Amino acid sequence: MIVPETADKIKSMEIRGAGRIARAVAEALRDHALSLQVSALDVFRQEMEQTAALLLATRPTAVSLPNAVHMVMAGLNHTKTIEEAKAGVVRCADEFIRSSQHAVEQIGQFGASHIRDGDTILTHCNSEVALGCIIEAHRQGKKIEVFATEVRPRNQGLITIRTLNDAGIKTNFIVDSAVRSFINDVDLVIVGADAVTVNGAVVNKIGTAQVAHSAREARVNLMVAAETYKFAPRTILGEFIRIEERAGNEVLPDEIARTLPYVTVRNPAFDVTPSEYIDLIVTEKGAIPPQMAYVIIRDYLGWGIDEFHLAFGSAGLNGE
Ligand code: RI2
């Protein structure tokens with residue numbers, strides 16, 4: 001796919017979901033590398049870096065995007081010719097896409113094992129991996145029922161209920177504000193993640209923190225399904241995840257907003273659920289308590305505290 005087209009589709013959320021965004025970006029970088037006609041390696045690198053920057057600027061929160069870019073661009077390392085550099089990018093992009101698809105399947109298997117026969121599950125937003133767990137449990141013959149939220153303002157709940165319906169899973173569709181009313185009917189909450197910080201907090205679609213709060217109050221377990229590339233290395237040294245705030249007209253049409261000069265629409269796309277509200281994070285490497293997020297970042301993304309100090313000096317990111 002052509003890079004500007006991919007970037008536009010990510011911005012407009014035609015391509016959405018943290019995992020899908022990451023794979024689309026890997027694909028765009030690979031195709032761009034293959035199509036580049038330049039005569040010097042330096043120019044090739046520069047072109048690739050500009051393209052990576054353009055893709056990185058599309059949406060700020062899902063850390064799968066910078067992680068995917070980092071993994072694909074690693075293909076440029078130690079290359080001496082344009083051919084080697086192209087081959088490196090293609091190899092790393094293909095490897096990322098393959099391992100991402102494998103991770104989604106693996107999490108479905110692991111996550112399904114935490115769902116019991118007869119469970120009622122609540123999910124919020126539309127997460128490929130969270131739904132993977134639910135659908136796999138159903139496939140294994142477990143009798144389950146789902147509550148799915150609407151997910152204002154973009155209504156991604158509609159994608160969720162269609163997928164669940166197509167899988168033949170009994171589903172209740174509720175507005176976001178009805179979660180508290182139904183939480184006592186729920187045995188397990190399963191959500192996805194756009195980012196997991198080193199202290200085990202989970203950044204996910206706006207409303208997740210309220211769902212988690214209701215679940216904690218009602219003593220209902222909350223499981224997060226997240227591939228390792230959704231863990232955020234730069235949080236090791238205290239960097240915050242930037243929460244995307246989208247246009248007000250996703251919430252209130254412009255023609256109404258124009259009549260309300262004193263009203264400002266605030267439209268954050270994500271919120272942060274603290275680790276105390278999360279019982280389990282299921283990754284493709286296995287399930288962990290949220291407090292073990294550092295181990296994933298160090299062992300599977302290769303960013304321990306020492307690597308950070310080597311890269312940025314002992315003052316860390318603030319000393320950049
Ligand atoms: P998967 C989505 O964000 C949702 O917040 C969802 O929970 C998360 O990404 C993870 O999605 P958006 O792109 O990678 O809809 O599990 O804003 O599909």
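1. In the ligand site, an N or O atom in the side chain of Q156 is 3.1 Å from an oxygen atom of the ligand, a polar contact in the sense of a pair of N or O atoms within 3.5 Å. D194 places a polar side-chain atom 2.7 Å from a ligand oxygen atom, while for G17 a backbone N or O atom lies 2.8 Å from an oxygen atom of the ligand.

2. This is a predicted model, in which local features need pLDDT of at least 70 and side-chain atom pairs count only at pLDDT 80 or more, whereas totals for chains, interfaces and linings use all residues. Residues are numbered from 1 along each chain as its sequence is written, and side-chain values use heavy atoms, with hydrogens and water left out.

3. The shell around the ligand holds 18 residues, of which R16, S127, D194, N204 and K205 come nearest; a residue is counted if one of its heavy atoms lies within 4 Å of the ligand. By class, the shell has six nonpolar, six polar and six charged residues, with Gly counted among the polar ones. At least three shell residues come from each of domain 1 (3-105) and domain 2 (108-317), bounds that come from an automatic or database domain assignment.

4. Two backbone features deserve a look. R152 and P153 are joined by a cis peptide bond, with omega about 0°, and P153 is placed in the loop between β2 (145-149) and α7 (157-166), where helices (H or I, at least four residues) and strands (E, at least two) are DSSP runs numbered from the N terminus. H78, in the loop between α4 (64-73) and α5 (82-112), has a positive phi near 55°.

Note on methods:
Polar contact = N/O pair within 3.5 Å; in protein donor to acceptor, adjacent residues only side chain to side chain.
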